[in-house]
Amino acid sequence: SISSHDIPRFLNKSGDMLITDVNYNDFVPSSENIERFKLATTFQLTYSGAPMIYYGDEVGQVGGKDPDNRRTFPWDFNKDKWRVDLRDYYKKLIELRKAHKALIYGSFLTILADDETGVYAYERFLDNDRVFVILNKSKKAVNIDLSIFDFDNNKFLFDYFSQKQYPVLDGKLKINLKGLNSIILVKGSDD
């Protein structure tokens, strides 16, 4: 869980500082905090196990230490574009999870864990269903060179969100990933 009734809400955290006494009607998190939240959400919904979404996280609910983290759901979230965008991001990840059984029942394999660059990449797989997740928690863009095993040469992986194609050549995937960003790559339907 990214947030719970036991800890301050994710978006209330700003680096090592906790934002307190926030009126959620006036609160707009920094774009950096939203991107960090999306990274955490991507991990939560693509990692092993059943994800638990604490009510309101999907629309950027805020709240400090208990009991502030138990605020009522912000039913008027539609007035804030960033909240609607966040809700839509959750919906898209849930659709991905439903479409790829590898994310529910599949095995997990870490492909890359690089503390120096802040990149973590893993694969979820089940039978012929393969999903690759790459997370960049640093603020800098990075060039990534991943080894993709048992993948036919000259085939493509597709960015789940943009549908951009990424070729796998000689078992290697080369990608540039912006800072505080992630990419989810899936096999094409004919692979």
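How many residues has α1, and how far does α1 reach from its first C-alpha to its last? The helix has 16 residues and reaches 22 Å, close to the 22 Å expected at 1.5 Å a residue. The expected span is 1.5 Å times one less than the number of residues in the helix.

This is a predicted model, in which local features need pLDDT of at least 70, side-chain atom pairs count only at pLDDT 80 or more, and totals for chains, interfaces and linings use all residues. Residues are numbered from 1 along each chain as its sequence is written, and side-chain values use heavy atoms, with hydrogens and water left out.

Start with the whole chain. It holds three helices and 10 strands. Helices (H or I, at least four residues) and strands (E, at least two) are DSSP runs, numbered from the N terminus. Along the sequence the pattern reads β-β-α-α-α-β-β-β-β-β-β-β-β. The radius of gyration is 18 Å, close to the 16 Å that the globule rule gives for 191 residues, so the chain is as compact as a globular protein of that length. That radius is taken over C-alpha atoms, and the rule is 2.2 Å times the number of residues to the power 0.38. The C-alpha trace spans about 55 × 35 × 30 Å along its principal axes.

Buried residues make up 46% of the 191 residues. Buried means under 20% relative accessible area, exposed over 50%, and partly exposed in between (1.4 Å probe, protein chains only). Now take contacts, meaning heavy atoms within 4.5 Å. Of those with a separation of 6 or more, 59% join residues 24 or more positions apart.

Return to α1. Its buried residues include Asn33, Ile34, Phe37 and Leu39. Thr41, Thr42, Gln44, Leu45 and Thr46 are also among them. An α-helix has 3.6 residues a turn, so residues three or four places apart point the same way. Alanine 40 also sits in helix α1. With a relative accessible area of 22%, alanine 40 is partly exposed. Leaving out residues up to four places away in sequence, alanine 40 touches Ile2 and Phe10. Alanine 40 and lysine 137 are 97 residues apart along the chain, and 9.5 Å separates their C-alpha atoms.

The loop between α1 and α2 (81–99) contains proline 67. A cis peptide bond joins aspartate 66 to proline 67, with omega at about 15°.

Next comes α2. Its 19 residues should span 27 Å at 1.5 Å a residue, and the end C-alpha atoms are 27 Å apart, which agrees. Among its buried residues are Trp82, Tyr89 and Tyr90. Two arginines, Arg83 and Arg97, are buried here too. What covers the buried residues of α2? The cover includes α1, α3 (102–105) and β10.

Move on to the strands. Aspartate 150 lies in the loop between β6 (142–147) and β7. Its phi is near 50°, a positive value in a residue other than glycine. At 77% relative accessibility, aspartate 150 counts as exposed. Lysine 155 lies in strand β7 (residues 155–159). Is lysine 155 buried or partly exposed? Its relative accessibility is 27%, so lysine 155 counts as partly exposed. Lysine 155 and leucine 169 are 14 residues apart in sequence and 7.6 Å apart in space, C-alpha to C-alpha.

Aspartate 170 is found in the loop between β8 (165–169) and β9. This aspartate has a positive phi of about 50° although it is not a glycine. Aspartate 170 is exposed, with a relative accessible area of 68%.

Finally, the largest pocket has a volume of about 240 Å³. On a 1 Å grid over the protein atoms alone, a pocket is an open set of points with protein on both sides within 12 Å along at least five of seven lines; lining residues have an atom within 4 Å of a point. Points are joined across faces, edges and corners, and the volume is the space filled by probe spheres set on them. The pocket is lined by 17 residues, of which Asp159, Leu177, Asn181, Ser182 and Ile183 lie nearest its centre. The elements giving two or more residues to this lining are α1 (31–46), β9 (172–177) and β10 (181–187).

Definitions and conventions: 1 Å grid on protein atoms, 1.4 Å probe; cavity = no way out; pocket = protein on both sides within 12 Å on 5 of 7 lines; lining within 4 Å.
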